[in-house]
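Work through the exercises below with the sequence and the structure at hand. Each task is followed by a solution in steps.

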Amino acid sequence: MSNDTLLVRKDDLHTTRLHGAAEQPLADGQVRVRIDRFALTSNNITYAAFGEAMSYWQFFPSGEEGWGIVPVWGFATVSQSLHPGVAVGERLYGYFPMAASAVLTPERLSPERFTDAAPHRSALPAVYNQYLRTRSDPLYSPGTEDLQALLRPLFLTSWLIDDFLDDNDFFGARPGVALLSSASSKTAYGTAFQLARREGIEVVGLTSAANKAFCESLGCYHRVLAYDELDQVAADVPCVYVDFAGNGALRHEVHTRFTNLKHSASIGGTHVDQLAASGAGKSLPGPRATLFFAPAQVKKRSGDWGPAQFGQRMVQAWEAFLDRVADPKAPWLTAEHHAGAAAVQEAYAAVLAGRGDPRVGHILTLTRENP
């Protein structure tokens, strides 16, 4: 069979092409999975935008110079197995290529998970190399697979951002303001959902004028401002900036305006065409913009609390967030399904360009069978 894969030019994220290649025979100890459904969000655009700096291109090498495969989160079913501990038909949640299938090398198996031991992934962050076995996954429920694919990895980042800021007492900005750019993005409003529960922190969402009403409707921001309304926040207020947009001009404006800026965290790059140039943050006033790396906080908190307590806290936070997102009276997000190569390319282009309704999440499949 052929494995269809969406390739992206590393130096021009707008250029894509579909690559079909014959599936190669498995080696002993490997399994092949059919990728049934995966989410496509601005988070995946961040993976591409920071592909070189953060090694995201290395997870699933394309084998073609200049072309990369964007990693995605989703669900897959084992279609072939030469590993005694992994059965055909088993369902997995994890980090996959934007493709119809993938080959994994399971290692360190437990009832809950295993690690892909492919040599090229050995030096990459472990959190991305773990595959959760849905039959034992405490966060899994069959009826919420779409929301899990769309929100689960993003909310983990949101939860860790909130915890990181609280762990550092907001760098002296409590009481004060947390400014969040790209406020309509899922990682931003997941972060706002958590931050809004912190005493002494006013959560201010920054967004485009077109998305302002949507952000206000979420109820997790104390205030929502369009990007040209930044002057409505007092210039001398103690504040932290959580930047999901990566917009160089906006970051410069925040650093220049706020004389009491205590911390500037760079999370993502949803504004791909306005990304700050590498090294541009060195000349900004105030604290240096620092890239937030979620796996580092996972490692710290797993050490502070122990893996079991870390997992319990994460599950509790996730369940509370999911209840709010899926509230039948006023859901924050609904899933829209796309199948086939043309549909996947179109959805990728739309997300890259920032088009579409923030209330709608994209669930995609490149498999030739229905998930």
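**Exercise 1: the sheet**

Strand S1 (residues 2-9) and S4 pair in the antiparallel sense over two bridges. The model is predicted: local features need pLDDT of at least 70, side-chain atom pairs count only at pLDDT 80 or more, and totals for chains, interfaces and linings use all residues. Residues are numbered from 1 along each chain as its sequence is written, and side-chain values use heavy atoms, with hydrogens and water left out.

Task: find in which order the three strands form the open sheet.

Step 1. Settle the terms. Strands (E, at least two residues) and helices (H or I, at least four) are DSSP runs, numbered from the N terminus. Two strands pair if DSSP finds at least two bridges between them.

Step 2. Take S1 and S4. Val-8 stands opposite Gly-68 in S4.

Step 3. Take S1 and S2. Eight bridges join these antiparallel strands, and Leu-6 stands opposite Leu-18 in S2. Two residues lie between S1 and S2 in their hairpin.

Step 4. The order is S2-S1-S4, with antiparallel pairing. Strand S2 (12-22) and strand S4 (67-68) are the edge strands, each pairing on one side only.

**Exercise 2: the cover of S1**

Task: state how many residues of S1 are buried.

Step 1. Buried means under 20% relative accessible area, exposed over 50%, and partly exposed in between (1.4 Å probe, protein chains only).

Step 2. Six of the eight residues of S1 are buried, so by this definition the strand is mostly covered.

**Exercise 3: two helices**

Task: describe how helix H2 (residues 145-167) and helix H7 (residues 307-325) pack.

Step 1. Two packed helices are described by the angle between their axes and the distance between the axes. Axes are lines fitted to C-alpha atoms, for helices over the stretch in contact (heavy atoms within 4.5 Å). Angles run from 0 to 180 degrees between N-to-C directions.

Step 2. For H2 and H7 the angle is about 125°, and the axes are 10 Å apart. H2 is therefore oblique to H7 (under 35 degrees is roughly parallel, over 145 roughly antiparallel, 65 to 115 roughly perpendicular, and the rest oblique).
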